[in-house]
Every structure is written in structure tokens, then in C-alpha cells.
Amino acid sequence: MIKVTIDGVEIMVEPGTTILNAARQAGGDIVPPAMCYYSKLKGSGGKCRTCLVKVSAGSEKDPRPMPKLVASCSTPVQDGMVVQNITSPEVLEARKGVVEFLLINHPLDCPVCDQAGECHLQDLGFQHGSAKTRYEEERRQFDKIDIGDKIQLHMTRCILCYRCVYTADQITNQRVHGVLKRGDASEISTYIENVIENDFSGNVIDVCPVGALTDKTFRFKSRVWFVKPMNAHRDCNKCSGKVAIWMHGEEVYRVTGRKDKYGEVEEFICNDCRFEKKQKSDWVIEGPREVERWSVIGQNKYAVGTKVTAPQNIGYGNIID
Amino acid sequence: MGQKLLLEHINVPEIQTYNVYRAKGGYKAVEKSLKMSPDEVMEEVKKSGLRGRGGAGFPTGMKWSFLDRKTDKPRYLVCNADESEPGTFKDRFLMEKIPHLLIEGLICSSYALGSNTTYIYIRGEYKWIVGILEKAIAEAKNAGFLGKNILGTGYDLEIYVNNGAGAYICGEETALLESLEGKRGNPRMKPPFPAISGLYGSPTVVNNVETLAAVVPIINLSGEEYAKIGIGKSTGTKLISACGNIRNPGVYEIDLGLPVYEFLNSDEYCGGIRDGHRLKAVIPGGSSVPILPAELFYKNIKGEERNMSYESLSDGGFVSGSMLGSGGFVAMDETVCIVRNTWSFARFYHHESCGQCSPCREGTGWMEKVLHRIEYGHGHMHDIDLLVDVAKKIEGNTICPLGDAAAWPVAAAIRHFREEFEYHIKYPDKVKNSRFAHLDDYKTSLQLA
Amino acid sequence: MDTNLSEITFTEERLAKAKEIMARYPEGRHKSALLPILHIAQHQFGNWLSAPVMDYVASILNIKPIEVYEVATFYSMYNLKPVGKCMIEFCQTGPCLCRGVEDIMDYTEQKLGIKVGETTQDGKFTLKGVECLGACGYAPMAQIGEYYYENLTKEKIDKIIHLFGQEDFNPDQKYDI
Ligand SMILES: Cc1cc2nc3c(=O)[nH]c(=O)nc-3n(C[C@H](O)[C@H](O)[C@H](O)COP(=O)(O)O)c2cc1C
Ligand code: SF4
Ligand code: SF4
Ligand code: FES
Ligand code: FES
């Protein structure tokens, strides 16, 4: 085991652990936000830059600081490393910048977005952003498209975290979508009209940190804070059958994987469980899920109001400052 | 008159052909190298003090020594011929005019590194140069300098040319490797560095065309002799591609340490600014390095004359200095509008960002749009500080140095030519339809030299 | 996909070239040949890459079509739409701006009656603005087909439009302008 100190908290971890995972082991405020890293997807991380931290001492042996901020999700700890996250003004400033970059081309319409209430970008904006945008230029826009009859893609909301691409590569073996073009013209697409058909393709919805990939079978369009998540399971010959079902009264509004406080599913689930089993009787219900992560649902922040005041404000209609 | 190590025979008719090149002493460095051990060849390169000519100036011998020799995986040398940094056209000149020099350098270097397959990754637009290089490779093979059992030493080497398809980012070494693997040119996260895990996960060295060509004179002269040329830690000669509003644009080989005044004004090199005009600003090392107003170009902030070397051009850091970079030398006269020029560079980086990481993907486009507005008379005063801040938030926070390269030119242009930006905002009607600067209308702080 | 691959095949010579290129890379690394083979495909099939052509390339390399789309859309030299036989690609980056490329571009636009980014109705010319081509010392310049045409003047543009609009214009050839 090796020792790393993050914001003054000492943590013992296995060699090879990243700074982010070390922080997650300790938990609490010192955990950097992560929009692209997903522990279950090989190669993910490094892209969004929200998890940047300052390494003020590289290791016991070589205590020199690292010259630049590093992505905590893809930097392994060294024995004796000292890291600053929320105790470094430089980190907070850089993170504010990253959040602003992620938002400049993001639409300002959280109130009408299907992901509202469980969007990691929305959370991130609350915690690290500033309420005003300095962006006066035109925003990037795309039409909504259906990829198959179960999944909808609204590229306008995408933050290009690549998670759905890794998922298709690693969880399914028939990737038909990917990142096309480059720079800020990049888009998630199938290029030609193509359908994502695969037993596990629905997992791209769960890994998407924003409302770019959504479940078309979420029949009764509803704010997530009106539905209650419950742990449930069934016998399934394709996956573990362990899911979260989102209920409104006696009705199953939708089915997802069980997400932990970092928004990661415990297990990937199959499309049968996700899209086809919409009767309460399909499921053995274990009980309500706790919503752990610092989120708009958890803190019930969103429920107060959903009005967007002016386009000059980033679309959190209920931030009044 | 400086030494000519790379371009000595450049004007010899048909120097592109093997026979003429050989008659002028070509491939002697291969013969010499293969009589040495690979480590001895590397030792010469270390002694020469050669620094990477692709832009970063990292000591080549040291880079080579990082190559992992312990694994049983094959080792690769990859030649970076992507040359896309605005202002830079020296590698192209070398490959077009004297292709065998590169091939010879590649053979010596591959031998030193233990590479049996070496790839030249050339930018897609240089289509016709692919043919020139492939012809040179075939000739060298025919003469026994490539292929199996070269000169009876048991050493095998093949060299292949792989063409890119239009992406500046593929000049970044890990993006280049991705591209060479047939993928999008997205730079990789480092570590691991290519020396440990590069092409196909094997230990790999990526070097610039000119760096690898310079190995030939190093072997011929000895590392020690090569190191005597130049100044301080800037040893040897360097190709500078000079362009902009000068009398003699072109590619020049200089001894590092040549006074900048001489380089810009002597008839042997740039020949000075075109008739009737005066120097306004210089970008000494390709579009990514900070622009310098005339007076800071000639002399550093302490009033000492600058020379063409890594150290002297960067004297003053980012506040009052710049960098030698790739050797893409752009001299601008008083007609050049700095705002327009900065916008064009911002557009370039916006266009070339791979889009992987958010600060660069979003920030480059943002800067371009704001600069475009200012240039076309729709700017606000607060836009100037906004640009400085956006540049600051990109810099250092990205996966690869393209983010920095996009941020620096904007930051430097505002630092040194703020009044010109303000003028654009104050007098939108005057700038709206004009592509060139309005020297009569406003006073810039700069002293035209 | 209802793509008819049988209509799209490389000429024998090109197929041999593609195979030769694939052999340059180690076992199992044939994907490395993707960029060069896309160039060959673009060259054979009318200077642009349609989806069926990309699918054909995927089949040669035994990779998924999306892997080809991802790459083809990343690099600026692959045309995803048909272009004119003579595509004039002007460099419009800083050093070329200093030397007045914009005036040359304006002039060409006027002469052809199209804007940058457009193709003439007869399909003969396409105008494009591109970024630094590594010819900054010989600005203004443009790439046409395989080659660079440098130190451009209005007179040279006249000549180019006259010569390259002819039926027998061959973009693989270097012309004296
Ligand atoms: C955005 C970017 C573009 C680059 N373009 C080139 C290039 O076109 N040619 C080149 O030799 N090096 C280029 N480099 C530098 C390479 O990453 C690498 O440092 C170089 O090839 C190493 O060779 P050297 O040590 O011989 O200079 C670029 C770097 C970056 C970040
Ligand atoms: S669609 Fe969602 S998961 Fe896919 S890249 Fe965009 S934000 Fe990430
Ligand atoms: S800095 Fe720009 S070019 Fe480099 S990886 Fe990030 S997005 Fe790509
Ligand atoms: S989570 Fe680390 S960069 Fe995105
Ligand atoms: S700027 Fe035009 S060729 Fe380099």
C-alpha cells in the first residue's frame, strides 16, 4: 500500500490507483468531479478536464510539484504524493473555466430536458460554475434523431465524453455509432442512418452524463423527481436482472441500471430488462433506492421552479442570485 | 558565411538521384555508422547536443536514451514529416530537394535505435513528395543500403512512407501514432510516453525530418565537431523557413547563434523588409510561438541584441520573449493588421483542434468567434479581457500542447498590440471593410524599426 | 445496409496497390493502411467518398464501417460530397494573408461566379479555403489536385481557369503556370 494526501486527508491505496479513485476511497468533498471517466470502461477519462487537480509534491522520492494541473482520473498516485483539490484556488479557477467551456455550447433549456434532475452537467454547474455566461456567440445545434425505436440522440446536449462509444465497443461488440468530424464540429453519430441493435445497447443511456442519449420508452414523460427509484430484480438469462425501476404510483415509468453516487451503474443491464419489462409484476421489488449523490434530485433543488429567466443566464432557472 | 551541413549540395543538378548524391559523398555516414555499435552512434548524437528540430527543442540523444530496450517487442523509429505549423516549410524543402539526406539519416538513426521498420508519416497534402521519397528509398535499397543484411552487417531495415490526410494535430507525436495506426488523430494521454509504449504499443521514437537529417553530418563530422558549431546549448545548424513581407522568402540554413538583425536584413538571408516598408512584428518560430513587436525582436528587454538560438529568442519568457520553435519565421511590415492575423491563427487552431478535451474544443472556437467580431467591427471593450481570460483557461489545462499553441498567440498579440485591438473596437466603421492596418489613423505603441 | 458492394470495386491495379500497402504493417495491424487506402478510393471514385465506398474500404480491411466513417470525417482532405474536377484550395492562414491571398480569392470568385465552398454549375471548379499548406514563402498559393501552384497572381488565375476548365484537364499532372 502507498500513501497519498489529498487536501490534507491521508489515504492508503494500492499502487496504480489513480488520484480520483484514491479520493473516492476516502469520499466526501475532496472527490473531484468526473464527467468523462467511468471506472467500468477501459480507456475512458482524460477528456473533460473537470477532474483537474494540483500535485504539489510528486512523491516521497521526488517531492517536486508537477508543472501543470493533472487529470486526476488518469494520473496514478505515487507513494508520498501530495494533491490539492478544493484547497487550491488554482484548481477551482481552472475547473470553473472547464465548466464554462462545457456550457458555452450547451442549450439553456434544462427545464425541458429529459435529463433534468439527474444530469451531471447540471450538478457540476451548480457546484463549480458561475450563474452568468460570458458567451455571446451562437450555440451549436443539432436535430434530435432516433437511433432505433428505443434510443434518442440529441447531439446538442452532448459533451463528447466518449463514454457511449467505449460502451458500444466494450459492452456490445457491434459498434455502429462513434465520434465523427473533429474539433467543436465533432458529433456522436452513425453517419448513415443506422440503428443500434444489440442486447446491451441500452446501456449507452445510463453512461451518458447528460441528456444526449435518452430512453424513448420512458413513456410518461415526467420529471425524474416525481418518480421514485426502487431496487428491483428479475430472473434474466441475459444479464444479472438487478436494476432500478422508476415508479409513479403503481406504474413502472422506466428501468435503468443501479447507479452509485458517482453516477456509475453497478452492473450493465440488457435491453429486455430495460425496455420490455414495464409491468410491476415483472419485478421483485426490494425497496426504495437512496439517492446519494450530490444532485439536484437529492437536494430537491429543482423542484422549486423551472423557469429560465433570460438567455444570458445559464439555464438553471432556479438559481436566483 | 555560415556552415552548410544539410544544404551544402542543394544546388547540385540532380542531387535528388542516388548516383549524384552518392558521388557527393552520400551514404558515407551509413557506412561509418554500421561499423560502429548502435550505442556508439547514439553516443555521437548525444555529444553533438542536437535538439529536436520539430518545435520543442528536446535533446535528441536524451530522447533516444529513454527508448525501452528491455522488452522483446519490436522498436520503431517514426519520422515526423507532418509539417503543418503555419510559417514552416523547411522539411518539405529538404525532402523535395535532397531526399537521400533524409533516407541516409533514417538509416543511421534506425540502426542506433534498433528499428527494423521505420515509417515516414508525411502530411497528406505533400502528395508529390511521397513519390520523391519512395523513389529515393527504392534507389537506396537497390544500392544495398536498405533491405536485408545491409552492407553485410546482418542489420535489416525497411522504410515506408505513410501519408496523412489533412490534420495539423497529427504533427503531435502521439496523434501521429494514432493516425499511423489508421485512427482519428486524437493525441494520447501521457504517460505512457512513446519511448515505452508508442506505435502498436511498442517502444517508439518520433523525430522531425530535419532532426533525423542532421544525424548525417553528426556522424560524418563526429558529435564533438558538430557541437562546436552554434552557440551554447544551441548547437549545429538550423533550417529556417522565412516568409511574410520580406524581400527573399525561402529556406535558409543558419548556424545557430546568428544575430537576428543579420538574418532579417542581410542579402544572404531574408534581404530585409520589402521596399518602402518597415518591420512591425515578427513571429520567429511558427504560428504557435508568441509574436514580438519589432523592438523586442531585435533586442531583449534588457537591451541586448538577440540571436537565432533557442535561448536568446526565449529570453524574457512569455512576457517579452518568444521561441525558436520550428523555425517558421514570419516577418510582418506595417501594413499587416495584427487583429486580422491573430484571428486567422485562431481560426487555424479552431479548425485543427481534435476536439477531445473541452478547453481546447470549446475555447478555440470561442476565441475565433470573438476575434472575428472584433475584426469585423462588432467588438466590445470587454472582449479583450475576455480573450485573455479564455486563453488563460485553455493554457496548461488540455491533453496536448495544441491548447497552449492556440492560447499563446492570442495572449501575446493582445499583450503587445492591445491598442490595435482597442482601435478596432472604437472605430468599427474604419476597420470593417479593411484587411490591412490603418497606420495613419492611430498611433501604436510600437516603434517601427 | 442496402449497399450494393458489387458495383464498387477497385481496379485490379488499385487492389494490388492496396494489398501492397497493407503488407507494410505488421500482422494484425492492417488498419494502419486505412488513410492511404482512402486516398486511393477517393482517387478512383470521382474524388469523393460516398458511404458505400467507405463500406467497401471497410470490407477490404476487415474493419467496421463506423471505423472508416470516424476517420474519413476527421481528416480534411477526404471529400464527403462530390467536388469539381478542378478543386482550387487556397491557403488562407496568416502568412498567406500578409501577402494578399484574399484579393486573389476575391478575383477567382468573381471570375467563376461562385463563392468559396461552392462548385460551378458545370461541375468543373470547386473553390475551397484551407489552412497552411507549407508553402508560406511562396504565397499566395493554392493546391490543385496533386500539386501546388505558388506565387499566384491574377494573370496566373486567368491561365488556370482557362487551362483547367478544358475537357482534358488532368488533376494528377503538374502544369506550368
Ligand atoms: C499541435 C502540435 C503539432 C506539431 N506538429 C509537428 C510537426 O508538424 N512536425 C514535427 O516535426 N513536430 C511537430 N510537433 C512536435 C512533435 O510532437 C514532436 O515533439 C516532434 O516530432 C519530436 O521531434 P524532434 O524532437 O525531432 O523535434 C507538433 C507538436 C504539437 C503539439
Ligand atoms: S452522447 Fe452522452 S455518452 Fe455519448 S459522448 Fe455525448 S455526452 Fe458522452
Ligand atoms: S488540446 Fe486540443 S488538440 Fe490536444 S487533445 Fe485536447 S482537444 Fe485535442
Ligand atoms: S473525468 Fe478526468 S478528465 Fe474527465
Ligand atoms: S500560411 Fe499559407 S502556406 Fe503557410
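In what order do the elements of chain C run from the N terminus on? In this predicted model, the order is α-α-α-α-β-α-α-β-β-β-α.

**View 1. Chain C and its two domains.**
Chain C is made up of 7 helices and 4 strands. Along the principal axes, its C-alpha atoms fill a box of roughly 50 × 30 × 25 Å. The chain is divided into domain 1, residues 5-72, and domain 2, residues 86-164. Between the C-alpha centres of domain 1 of chain C and domain 2 of chain C the distance is 30 Å.

**View 2. The interface of chain C and chain A.**
Here 13 residues of chain C meet 17 residues of chain A in contact. About 1100 Å² is buried between chain C and chain A, and carbon and sulfur atoms give 61% of this area. On the chain C side, I66(C), E70(C) and T73(C) supply 43% of the buried area, more than any other three residues.

Across the interface of chain C and chain A, 4 residue pairs are in polar contact, both residues being at pLDDT 80 or more. Two helices of chain C, α3 (51-61) and α4 (65-72), each supply at least two residues of the side that touches chain A. Of the elements, α4(C) gives the most to that side, with 4 residues. Sorted by class, the side of chain C that touches chain A holds 8 nonpolar, 2 polar and 3 charged residues.

**View 3. Domain 1 and domain 2 of chain A.**
Chain A is assigned three stretches as domains: domain 1 (2-101), domain 2 (120-130 + 138-215) and domain 3 (224-298). The C-alpha centres of domain 1 of chain A and domain 2 of chain A are 26 Å apart. Contact between the two involves 16 residues of domain 1 of chain A and 19 residues of domain 2 of chain A. They bury about 1400 Å² between them, 69% of it from carbon and sulfur atoms. The interface of domain 1 of chain A and domain 2 of chain A has 0 salt bridges, while 6 residue pairs, both at pLDDT 80 or more, are in polar contact across it. On the side of domain 1 of chain A that touches domain 2 of chain A there are 8 nonpolar, 3 polar and 5 charged residues.

**View 4. Domain 2 and domain 3 of chain B.**
The assignment for chain B gives domain 1 (18-228), domain 2 (233-333) and domain 3 (338-442). Taken over C-alpha atoms, the centres of domain 2 of chain B and domain 3 of chain B are separated by 23 Å. On each side of this interface 16 residues are in contact with the other domain. The buried area is about 1300 Å², with 68% from carbon and sulfur atoms. In domain 2 of chain B, the residues that lose the most area to domain 3 of chain B are K280(B), I291(B) and F318(B), together 40% of what that side buries.

Domain 2 of chain B and domain 3 of chain B have 1 salt bridge between them. K280(B) forms this link with E420(B), the closest N and O atoms lying 3.0 Å apart. The elements β10 (279-283), β11 (292-293) and α14 (317-320) of chain B each supply at least two residues of the side of domain 2 of chain B that touches domain 3 of chain B. That side has 11 nonpolar, 3 polar and 2 charged residues.

**View 5. Residues around ligand 1.**
There are 18 residues around ligand 1, of which G54(B), N80(B), N207(B), N208(B) and T211(B) come nearest. An N or O atom in the side chain of N208(B) is 2.7 Å from an oxygen atom of ligand 1. For T211(B), a polar side-chain atom lies 2.6 Å from an oxygen atom of the ligand. G171(B) has a backbone N or O atom 3.2 Å from a nitrogen atom of ligand 1.

**View 6. Residues around ligand 3.**
Ligand 3 has 13 residues around it, and those that come nearest are C354(B), C357(B), C360(B), T398(B) and C400(B). The shell divides into 8 nonpolar and 5 polar residues, with no charged ones.

Terms used: Residues are numbered from 1 along each chain as its sequence is written. Chains are lettered from A and ligands numbered from 1 in the order in which they are written. This is a predicted model: local features need pLDDT of at least 70, side-chain atom pairs count only at pLDDT 80 or more; totals for chains, interfaces and linings use all residues. Side-chain values use heavy atoms; hydrogens and water are left out. Domain bounds come from an automatic or database domain assignment. Contact means heavy atoms within 4.5 Å. Buried area is the accessible area (1.4 Å probe) that two parts lose on being put together, summed over both. A salt bridge is a side-chain nitrogen of Lys or Arg within 4 Å of a carboxyl oxygen of Asp or Glu. Ala, Val, Leu, Ile, Met, Phe, Trp, Tyr, Cys and Pro count as nonpolar, Asp, Glu, Lys and Arg as charged, and the others, Gly among them, as polar. A residue is near a molecule or strand if one of its heavy atoms lies within 4 Å of it. A polar contact is a pair of N or O atoms within 3.5 Å; within protein, one must be able to donate a hydrogen and the other to accept it, and residues adjacent in sequence count only if both atoms are side-chain atoms.
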